[in-house]
Amino acid sequence: MTDKRVAIVTGGSRGIGAAIVRRLADDKMHVVAIARNLEKLNQVCSEITSAGGTAEALVCDIADFKALAAAVEGVAERLGRIDVLVNNAGIAKDGLILRMDDEDFDTVIATNLKAAFVTIRAAARPMVRAKGGRIINISSVSGVAGNAGQANYSASKAGMIGLSKSVAKELAGKNITCNVVAPGFITTDMTDVLNDQIKEGVKNFIPLKRFGTPQEVASVVSFLAGNDANYVTGQVICVDGGMVM
Ligand code: NAI
């Protein structure tokens, strides 16, 4: 049991997720960071505890839906509350539609979209009991505007938006908000795979002429998780340097 607000962040071991874990811990929450790699999770969590915050690692493959639901339910039982849920973990398996096989489509939808449904269903129970909660789903500008070569990824991220807007309507009466953050190009392992020529080309399409940082996404998550966003639900906030207007 803890008196602190409890936040669960999936994909908290690196990139945007690790920045969200650090930021919510700075916001005085107890953060449970979920990912597959214990060593990386422990690195993020021990940095936080050395700085006086509280965070814990929870190893789980979010594509194992039974294990994922049990992990979220376990947090509620053990800590007595779930105040904030951030569905951040995600994967991409890009390819042109003519060449995309069923497996690459299904895996991306399962990891990015179904896992979010599973965690929301599991976290909603303790949130309803507590008469409050914040659900924040990390989508992508690809889910808002589409992107050639990312039919599976864009479908999963657009699906997260429909899921979030429905959950926002369904749970508003219980004082639970559900919002989406849609990042554009953010400097992480996911975008490091692009070669320099592609990166420069992409910057030309970004009005602010640069990639964003994981911290700039985490700030918006922090806003949505805090009291300043009490009256905000069902929204999609693009953090993309103005790409999608
Ligand atoms: P990343 O690849 O650096 O990190 C992804 C995180 O998800 C890692 O912690 C990884 O361990 C975790 N993860 C992936 N599959 C998992 C599984 N089956 N079980 C447990 N954990 C799993 O990605 P990045 O860049 O930090 O992205 C985070 C989120 O933001 C993703 O949902 C991504 O789609 C989204 N996003 C990222 C953008 C970018 O430019 N980096 C742009 C738009 C959206």
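Lys114 is partly exposed, because its relative accessible area is 40%, and partly exposed covers values between buried (under 20%) and exposed (over 50%), with a 1.4 Å probe and protein chains only. Lys114 lies in helix H4, and Glu103 is also found in helix H4, which spans residues 102-130. Helices are DSSP runs (H or I, at least four residues) numbered from the N terminus. The model is predicted: local features need pLDDT of at least 70, side-chain atom pairs count only at pLDDT 80 or more, and totals for chains, interfaces and linings use all residues. Residues are numbered from 1 along each chain as its sequence is written, and side-chain values use heavy atoms, without hydrogens and water.

Lys114, Arg121, Arg125 and Arg129 form a positive surface patch. Asp101, Asp102, Glu103 and Asp106 gather in a surface patch of negative charge. Such patches consist of residues with over 30% relative accessible area and no salt bridge, like charges being joined within 9 Å; a salt bridge is a side-chain nitrogen of Lys or Arg within 4 Å of a carboxyl oxygen of Asp or Glu.

| Residue | Relative accessible area | Class |
|---|---|---|
| Glu103 | 58% | exposed |
| Lys114 | 40% | partly exposed |
| Ser156 | 0% | buried |

Ser156 is placed in helix H6 (residues 151-171). Not counting residues up to four places away in sequence, Ser156 touches Val108, Ile109, Asn112 and Leu113, where contact means heavy atoms within 4.5 Å.

Note on methods
Patches are made of residues with over 30% relative accessible area and no salt bridge: like charges are joined within 9 Å, nonpolar side chains (Val, Leu, Ile, Met, Phe, Trp, Tyr) within 5 Å. Accessible areas come from the Shrake-Rupley method with a 1.4 Å probe; for residues, only the protein chains shown count as cover. Lys and Arg count as positive and Asp and Glu as negative; His and the chain ends are not counted. The place of a charge is taken as NZ of Lys, CZ of Arg, CG of Asp or CD of Glu. Helices (H or I, at least four residues) and strands (E, at least two) are DSSP runs, numbered from the N terminus.
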